[in-house]
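Please look over the sequence and the model shown below.

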Amino acid sequence: MDTKTYYTTIDSNGTAEFRDRGSKFIGYAFPVNSVDQFKKTLEVIKKEHPKATHHCFAYRIGIDGNSFRVNDDGEPSGTAGKPILGQIDSKELTNVGVVVVRYFGGSLLGVPGLINAYKTTATVVLQTIPFVQKPIEVKYRLQFDYTTMNDVMTIIKQYNCTILSQEIQLFSLFTIGIPISRLDEVLYRLKDLHTVETTKC
């Protein structure tokens, strides 16, 4: 598949556990579409594990992959967040968050040991979830007369567009995501209806 028209992500959650010299690492992987959504999930995980020593994480969001963050949460710099992000990136995933919760077991693992533990936990948790390919979509606003509704809905369904928001009145206003690979065809079909106004968001 052409990487420019699709991106790879996950659409379900996974958890996995890894142990090293008494320390317990619990990995959580989940789909995210925004930084706020990630923060909310992180808070939930922190509440589930209030006695954990560390809650380290990494995420990458967006089709261009420019929105990402790593956090070592008190572990030596570069030993937790970066290895977690490395696993997300090695699988070329986006819109994915991974949190690794650590319960300290009494033995120091050292820098190589920590890097290995966080990397392994991230690898194992990502192996528990199937990856999915989703079409990259371009957002458009559609304004049309109510009488055109059936025709518009037919095109939306036929080309697997996503309806992001809709206001249905005498004049209907939709925001839709059009798969980039079908963009020209969809716009041509919509313009063909004459009563539909399309504006790129």
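Phe57 is buried, with a relative accessible area of 4%; buried means under 20% relative accessible area, exposed means over 50%, and partly exposed lies in between (1.4 Å probe, protein chains only). This is a predicted model, in which local features need pLDDT of at least 70, side-chain atom pairs count only at pLDDT 80 or more, and totals for chains, interfaces and linings use all residues. Residues are numbered from 1 along each chain as its sequence is written, and side-chain values use heavy atoms, with hydrogens and water left out.

**Aromatic pairs**

- The ring centres of Phe57 and Tyr59 lie 6.3 Å apart and the planes stand at 5°, so this pair is stacked. Rings of Phe, Tyr and Trp (its six-membered ring) pair if their centres lie within 6.5 Å; planes under 30 degrees apart count as stacked, over 60 as edge-to-face and the rest as tilted.
- Both Phe57 and Tyr59 are buried.
- The structure holds seven aromatic pairs. In one of them, Phe38 and Phe57, the ring centres are 4.9 Å apart and the planes are at 55°, so the pair is tilted.
- This pair links distant parts of the chain, with Phe38 in helix 1 (residues 35-48) and Phe57 in strand 4 (residues 54-61), 19 residues apart. Helices (H or I, at least four residues) and strands (E, at least two) are DSSP runs, numbered from the N terminus.
- Phe38 is buried too, with a relative accessible area of 1%.
- One aromatic cluster is formed by Phe30, Phe38, Phe57 and Tyr59.

**Charges over rings**

- Arg60 lies over the face of Phe68, 4.4 Å from the ring centre. A charge sits over a ring if NZ of Lys or CZ of Arg is within 6 Å of the ring centre and within 35 degrees of the ring normal.
- Lys24 lies over the face of Tyr103, at 5.6 Å from the ring centre.

- Which residue lies 5.8 Å from His54 in space, C-alpha to C-alpha, while 47 residues away in sequence? That residue is Val101.
- His54 belongs to strand 4 and counts as buried at 11% relative accessibility.
- His55 and Arg102 are also 47 residues apart in sequence, and their C-alpha atoms are 6.5 Å apart in space.
- Arg102 is part of strand 6 (residues 96-103), and it is buried, with a relative accessible area of 4%.
- Gly22 and Phe104 are 82 residues apart along the chain, yet their C-alpha atoms are separated by 7.2 Å.
- Gly22 sits in the loop between strand 2 (14-20) and strand 3 (23-31). Gly22 is exposed, with a relative accessible area of 54%.

- Tyr146, Ile168, Leu170 and Phe171 make a nonpolar surface patch of about 470 Å². Patches are made of residues with over 30% relative accessible area and no salt bridge, where like charges are joined within 9 Å and nonpolar side chains (Val, Leu, Ile, Met, Phe, Trp, Tyr) within 5 Å.
- A salt bridge is a side-chain nitrogen of Lys or Arg within 4 Å of a carboxyl oxygen of Asp or Glu. Accessible areas come from the Shrake-Rupley method with a 1.4 Å probe; for residues, only the protein chains shown count as cover.
- Leu170 is in the loop between strand 9 (162-167) and strand 10 (171-179), and at 67% relative accessibility it counts as exposed.

**Positive phi angles**

- Most residues other than glycine have a negative phi.
- Asp73 is not a glycine, but its phi is positive, at about 45°. Asp73 lies in the loop between strand 5 (67-71) and helix 2 (81-90) and, at 30% relative accessibility, counts as partly exposed.
- His194, also not a glycine, has a positive phi of about 65°. The loop that holds His194 runs between helix 5 (183-191) and strand 11 (197-200), and His194 is exposed, with a relative accessible area of 69%.

**The chain as a whole**

- The chain has five helices and eleven strands.
- Of its 201 residues, 43% are buried.
- The C-alpha trace spans about 70 × 35 × 25 Å along its principal axes.
- The chain has a radius of gyration of 22 Å, whereas a compact globule of 201 residues would have one near 17 Å. The radius of gyration is taken over C-alpha atoms, and the globule rule is 2.2 Å times the number of residues to the power 0.38.
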